[in-house]
Amino acid sequence: MEITKINFIDIPDIKTHVGDEKQIGISIEMVEKPHGHILFLFNAASAKDLATGMIGDMGETDPNANGFTDMERSAIQEIGNIMTSGFIDGWANVLDTTIDISTPNFTFGPGSGMVDQLVGDRDNEMALMFDSRVHALESDINVKVYTFPELEELVDLMQEIEV
């Protein structure tokens, strides 16, 4: 996964940015400081490509079918888990801490609705948005990564860093 751009963005602006278009979302909760959530958003075709690439000849996939098989959903969740683990490990190393995460959750629906489910009424806060590209097989897949940490906890952890 390659991060191509990082932005701080107000949560209400994220809802507008992701819009109401139906997308595949993989959400993961950070269960230790800086508590919060990470949300990966893909379009359905990209998610299918990732699942097919991961499963290969091992299971049930149909790149032309509507919807996702259980195996494809599981593969996409595992890809989200792999991406999050690397991402969170980097944060944990810099912050000199551990950050445990929950099991990935697969969702299909409007991106703005997924943001609402994760952050509720936290309208005053900001989040981090990462534009990224996943290199898979012979194609590049664009993924939007949104992190919704509890900002106060994140700032506290950052202030503890010794330089």
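This is a predicted model: local features need pLDDT of at least 70, side-chain atom pairs count only at pLDDT 80 or more; totals for chains, interfaces and linings use all residues.

Colleague: OK. How many helices and strands are in the protein?

Modeller: Five helices and six strands. Reading along the sequence, you get β-α-β-β-α-α-β-α-β-β-α.

Colleague: And what percentage of the residues is buried?

Modeller: 42% of the 163 residues. Buried here means under 20% relative accessible area, exposed is over 50%, and partly exposed is in between (1.4 Å probe, protein chains only).

Colleague: What about contacts between residues at least 6 apart in sequence?

Modeller: Of those, 72% join residues at least 24 apart. A contact means heavy atoms within 4.5 Å.

Colleague: Let's go to H1. Which of its residues are buried?

Modeller: H1 covers residues 11-18, and the buried ones are Ile11, Ile14, Lys15 and Val18. They sit on the same side of H1, because they cover an arc of only 100° around the axis. That arc is taken from the directions from the helix axis to the C-beta atoms.

Colleague: What follows H1?

Modeller: Gly19, with a positive phi near 70°.

Colleague: Which residue has a positive phi although it is not a glycine?

Modeller: Asp96, at about 55°. Asp96 is in the loop between H3 and strand S4 (105-110). With a relative accessible area of 71%, Asp96 is exposed.

Colleague: And where's the cis peptide bond?

Modeller: Between Lys33 and Pro34, with omega about 0°. Pro34 belongs to the loop between strand S2 (22-30) and strand S3 (36-42).

Colleague: Which residue is 123 places from Lys33 in sequence but 9.4 Å away, C-alpha to C-alpha?

Modeller: That's Asp156. Asp156 is in helix H5 and is partly exposed at 36% relative accessible area.

Colleague: Now Thr84. Is that buried or exposed?

Modeller: Thr84 counts as buried, at 0% relative accessibility. Thr84 is in helix H3 (residues 70-95).

Colleague: What does the Thr84 side chain reach?

Modeller: The backbone oxygen of Gly80, at 2.8 Å. For reference, a polar contact is a pair of N or O atoms within 3.5 Å; within protein, one must be able to donate a hydrogen and the other to accept it, and residues adjacent in sequence count only if both atoms are side-chain atoms.

Colleague: Which residues does Thr84 touch, leaving out those up to four places away in sequence?

Modeller: Ile28, Ile38, Phe40, Asp89 and Ile101.

Colleague: How about Ser85?

Modeller: Ser85 is also placed in helix H3, and at 28% relative accessibility Ser85 counts as partly exposed. From Ser85 to Ile101 the C-alpha distance is 8.2 Å, at 16 residues apart along the chain.

Colleague: Switching to S2, what's Ile26 doing?

Modeller: Ile26 is in strand S2, buried at 0% relative accessible area. Leaving out residues up to four places away in sequence, Ile26 touches residues including Ile38, Phe40, Ile76, Gly80 and Phe106. Gln77 is 51 residues from Ile26 in sequence and 6.5 Å from Ile26 in space, C-alpha to C-alpha.

Colleague: Last topic, the largest pocket. Which residues lie nearest its centre?

Modeller: Ala44, Lys48, Asn66, Gly67 and Phe68, out of ten lining residues. Helix H2 (residues 44-55) gives the largest share of the lining, three residues.

How values were computed: Residues are numbered from 1 along each chain as its sequence is written. Side-chain values use heavy atoms; hydrogens and water are left out. Helices (H or I, at least four residues) and strands (E, at least two) are DSSP runs, numbered from the N terminus. On a 1 Å grid over the protein atoms alone, a cavity is a set of points where a 1.4 Å probe fits but cannot get out, and a pocket is an open set with protein on both sides within 12 Å along at least five of seven lines; lining residues have an atom within 4 Å of a point.
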